[in-house]
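Reader: Hi! Could you walk me through this one?
Author: Happy to, here it is.

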Amino acid sequence: MRRYGKDADEDDVRVRPGRKGTRPRTRIRPKHEDAAEGLVLTVDRGRITCLVEDRHITAMKARELGRKGIAVGDRVDIVGDLSGDKDTLARIVRVKERSSVLRRTADDDDPYERVVVANADQLAIVTALADPEPRPRLIDRCLVAAYDAGLEPLLVLTKADLAPAEPLLETYAPLGVPYVVTSREELTGDALAAVRERLAGRVTACVGHSGVGKTTLVNALVPEHARATGHVNAVTGRGRHTTTSALALPLPDGEGWVIDTPGVRSFGLHHVDPSRVIHAFPDLEPGTAECPRACSHDEPDCALDAWVEAGHAEPARLYSLRRLLATRERREGD
């Protein structure tokens, strides 16, 4: 069947546009000068909850961001419906430069980095003293990740009513890492006040494996945003994942932020540059000036041995540094 008349010309022929339309391609991106600034509170299956002024906005990543990831703690620019009403959706068009990035990999052989949180300045490593038993290898790995990211570490030891804290604290005393010790009964008293004091005015990410009481602690700090908590399996000695996505919560009276993260079973360090870890040891760092090129700081020609022997630093500090640097060669269960 003839579609056009016998005298049709090219003006009569309809051309169907391609899938990408007929507009010419351009590298010029919209400036979005009217975008509002927001803080990413949580990311869940492509939907991103942001705080814009005092409103919670649901947003999605704009296409022009490409593969750029968005993490809890990011400062972003948002356009679209910013009313915060139900069933509204805005777009994140820019991610501002990050002051810090805490990363981890699934294991030491996995090159794929996962951003845990952005723009934090403190890492609270939450560890139970019993039920489940402490895992010093995991603590060491979290410390290395904190030093690599430029975060100040904080040890939070929970369940002190089940076991004493002193043996574990002795292991980390040479590092000078600040700590607080809590028990379930003390989460409404002086111990909670001590935690609040350490978190005041900071953006603190909380990490730890499942069952250590991390979410219980966060719920005590921010009771109006209570999250579900789990229990420890009596057979395996491991906790059950109840927190499935990271969530940033404001501390009362605007005293800072705490970011609750899902429990981890491992903390891979494939992304860590060992040469950056030494920056967390200001008493040892000057001694590396005489080290051979690409020194691992754990070999016969390392100048740190002479530096310590000359009395510039304590031997325990050098031992702790080398223990942390060796974490990439050791499995967490070793």
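Author: What follows is a short chat about the chain as a whole and then its open sheet. The model is predicted, so local features need pLDDT of at least 70 and side-chain atom pairs count only at pLDDT 80 or more, while totals for chains, interfaces and linings use all residues. Residues are numbered from 1 along each chain as its sequence is written, and side-chain values use heavy atoms, with hydrogens and water left out.

Reader: Thanks! How many helices and strands are in the protein chain?
Author: The chain has seven helices and 13 strands. Helices (H or I, at least four residues) and strands (E, at least two) are DSSP runs, numbered from the N terminus.

Reader: And what percentage of the residues is buried?
Author: Of the 334 residues, 44% are buried, meaning under 20% relative accessible area with a 1.4 Å probe, protein chains only.

Reader: On to the open sheet: what is its strand order?
Author: The order is 10-9-8-11-13-12, six strands with mixed pairing. Two strands pair if DSSP finds at least two bridges between them.

Reader: Which strands stand at the edges?
Author: Strand 10 (179-181) and strand 12 (247-250) do; each has a single partner strand, so one side of each lacks a neighbour in the sheet. On average, neighbouring strands are turned by 25° against each other, direction ignored.

Reader: What does strand 12 pair with, and in which sense?
Author: Strand 12 pairs with strand 13 (residues 256-260) in the antiparallel sense, over four bridges. There, L249 stands opposite V258.

Reader: Now strand 8. Why is it described as largely enclosed?
Author: Seven of the seven residues in strand 8 (residues 122-128) are buried, so the rest of the structure largely encloses this strand. Q122, A124, V126 and A128 point one way, while L123, I125 and T127 point the other.

Reader: Which strands does strand 8 pair with?
Author: Strand 8 runs parallel to strand 9 (residues 152-158), joined by seven bridges, with E152 as the bridge partner of Q122. Strand 8 also pairs in the parallel sense with strand 11 (residues 202-207), over four bridges, and L123 stands opposite A205 there.

Reader: Where does helix 1 come in?
Author: Helix 1 (residues 136-149) belongs to a right-handed β-α-β unit with strand 8 and strand 9. Right-handed means that, with the strands pointing away from the viewer, the path from the first strand over the helix to the second runs clockwise.

Key. Buried means under 20% relative accessible area, exposed over 50%, partly exposed in between (1.4 Å probe, protein chains only). Axes are lines fitted to C-alpha atoms, for helices over the stretch in contact, and angles run from 0 to 180 degrees between N-to-C directions.
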